[in-house]
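Please look over the sequence and the model below before reading on. The text then goes from the whole chain to single residues.

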Amino acid sequence: MHTDPIADMLTRVRNALMVGHTTVSFPRSNVKIAIAHILQEEGYIESVTEGGEEGKPTVTLELKYHGKRRVRQPVISYIKRISTPGRRVYVGKQEIPWVLSGMGIAILSTPKGVMTGAKARREGVGGEVIAYVY
């Protein structure tokens, strides 16, 4: 059993990108779906598909790459879990981090739902920092 399903999701994505896979699948949860949709909206992945067998729903992400077939590079060069079950990281609306001087995104879980750091700043809410992506 996994003690941190979000870290498991991010690790599966990171590993799939390192070996050049076009898709990656993992067990479904509402938070993982929200994170996947943020990655899609921000242009880090191609698409999000829900499916799986009855009783075992899964999510499949189609990963995105730059360049030609032989020299292609993943769009996501860095993806890291920040807040873990043993060490929660919360920020107020004034302390929302800028990832790579605004070139990357921070994914936050706020009272208004899971969103990027930029959107949380606009909404005026803080929350738990889930991950950094760039």
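What follows describes the overall fold, one hairpin, and then a few residues in loops and at a segment end.

This is a predicted model, in which local features need pLDDT of at least 70 and side-chain atom pairs count only at pLDDT 80 or more, while totals for chains, interfaces and linings use all residues. Residues are numbered from 1 along each chain as its sequence is written, and side-chain values use heavy atoms, with hydrogens and water left out.

The protein contains 3 helices and 10 strands. Helices (H or I, at least four residues) and strands (E, at least two) are DSSP runs, numbered from the N terminus. In sequence order the elements read α-β-α-β-β-β-β-β-β-β-β-α-β.

The C-alpha trace spans about 40 × 40 × 25 Å along the principal axes. How does the radius of gyration agree with that of a compact globule? A compact globule of 134 residues would have a value near 14 Å, and the protein has 15 Å, which agrees. The radius is taken over C-alpha atoms, and the globule rule is 2.2 Å times the number of residues to the power 0.38.

Of the 134 residues, 39% count as buried. Buried means under 20% relative accessible area, exposed means over 50%, and partly exposed lies in between (1.4 Å probe, protein chains only). The protein exposes about 8000 Å², and carbon and sulfur atoms supply 50% of this area. Accessible areas come from the Shrake-Rupley method with a 1.4 Å probe; for residues, only the protein chains shown count as cover.

Contact means heavy atoms within 4.5 Å. Among contacts between residues at least 6 apart in sequence, 58% join residues at least 24 apart. As for charge, the mean positions of the 19 positive and 12 negative charges are 6 Å apart. Lys and Arg count as positive and Asp and Glu as negative, with His and the chain ends not counted; each charge is placed at NZ of Lys, CZ of Arg, CG of Asp or CD of Glu.

Strand S2 (residues 45–53) pairs with strand S3 (residues 56–63) in the antiparallel sense over 8 bridges. Two strands pair if DSSP finds at least two bridges between them. Ile-45 has Leu-63 in S3 as its bridge partner. The hairpin has 2 residues between the strands, and Gly-55 takes a positive phi near 85°.

The loop between strand S7 (90–91) and strand S8 (105–110) holds Val-99. Is this residue buried or exposed? Val-99 counts as buried because its relative accessibility is 6%. Leaving aside neighbours within four places in sequence, Val-99 is in contact with Gly-104, Ile-105, Ala-106, Tyr-132, Val-133 and Tyr-134. Val-99 and Val-133 are 34 residues apart in sequence, and their C-alpha atoms are 7.8 Å apart in space.

Most residues other than glycine have a negative phi. At 46% relative accessibility Leu-100 counts as partly exposed, whereas Ser-101, at 72%, counts as exposed.

Finally, Asp-4 sits in the segment before helix H1 (5–19). Asp-4 has a relative accessible area of 13%, so this residue is buried. Not counting residues up to four places away in sequence, Asp-4 touches Arg-81, Thr-84 and Pro-85.
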